[in-house]
Amino acid sequence: VESIQENRKKMTRRTTGLEKVNYAPDNWNIQKCDDYFEFEDNCFADIKPIQIKPRYQKGDHLWVKETFYAYGYWEKTGNLTKTGKDEYKFYDTTINRGYKGYMYESNSEKPNKILNQNDVKDGISGWFKRPSLFMPKSASHIWLACTGIRCERLQDISEQDAIDEGILKIGDRYVSYLNMS
């Protein structure tokens with residue numbers, strides 16, 4: 001999110017659905033078809049080609065999920081979790097209550113008082129920090145436009161591609177994400 005807001009990130013790579021190809025990438029030929037990519041095994045002719053349709057197409061608009069703050073309350077569902085504890089459901093009343101809207105972990109505007117997990121049992125309303133997994137589309141304040149799709153091997157990444165993916169540059173060096181904690 002930070003690299004998008006700082007206008008450093010302009011590209012994203014995905015490998016979903018390519019597990020078989022990634023196991024032995026030199027064995028596969030890639031061919032672009034109308035709205036999908038076809039991977040043909042160049043070692044074994046009897047192996048059926050793999051067809052992968054990208055999740056997004058050029059022109060699609062995507063919303064970015066991130067950690068956020070929502071105003072609401074928790075209620076027991078009457079069910080138990082896998083560990084045998086009471087299950088709770090969050091009721092988001094941020095918009096219904098007339099608040100100015102959601103607040104985000106990625107900017108400096110945060111609620112004055114943030115309730116924690118201990119407050120859940122009390123059933124009180126307030127601001128709760130919510131993981132990106134639970135962000136509703138209406139809460140997103142960052143939208144992206146898909147300008148193109150291509151299929152290439154990861155080791156073919158260029159320095160410009162790494163920059164477009166938002167890698168941090170400090171001085172004349174780039175930050176290694178492998179050593180970040």
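## Burial of Tyr71 and Trp127

In this predicted model, Tyr71 and Trp127 are both buried. The centres of their rings lie 5.6 Å apart and the planes stand at 80°, so the pair is edge-to-face. An angle over 60 degrees is what this class requires.

Tyr71 belongs to strand β5 (residues 68-80), whereas Trp127 belongs to strand β9 (residues 126-130); the pair therefore ties together parts that are 56 residues apart in sequence.

## Trp74 and Phe128

Strands β5 and β9 also contribute Trp74 and Phe128, respectively, and this pair links distant parts of the chain, 54 residues apart. The ring centres of Trp74 and Phe128 are separated by 6.2 Å and the planes meet at 80°, so the pair is edge-to-face.

Trp74 has a relative accessible area of 14% and is therefore buried, given that the class covers values under 20%. Phe128 is likewise buried, its relative accessible area being 4%.

## Aromatic cluster and total

Phe90 joins Trp74 and Phe128 in a cluster linked by ring pairs. With ring centres required to lie within 6.5 Å, the model contains six aromatic pairs, among them Tyr71 with Trp127 and Trp74 with Phe128.

## A charge over a ring

A contact of another kind involves Lys32 and Phe37. The charged end of Lys32 sits over the Phe37 ring, at 5.0 Å from the ring centre.

How values were computed. Residues numbered from 1 in each chain as written. Predicted model: local features only at pLDDT ≥ 70, side-chain atom pairs only at ≥ 80, totals over all residues. Heavy atoms only, no water. Phe/Tyr/Trp six-rings, centres within 6.5 Å; stacked < 30°, edge-to-face > 60°. Helix = DSSP H or I, 4+ residues; strand = E, 2+ residues; numbered from the N terminus. Buried < 20%, exposed > 50% of the residue type's maximum accessible area, 1.4 Å probe, protein only. Lys NZ or Arg CZ within 6 Å of the ring centre and 35° of its normal.
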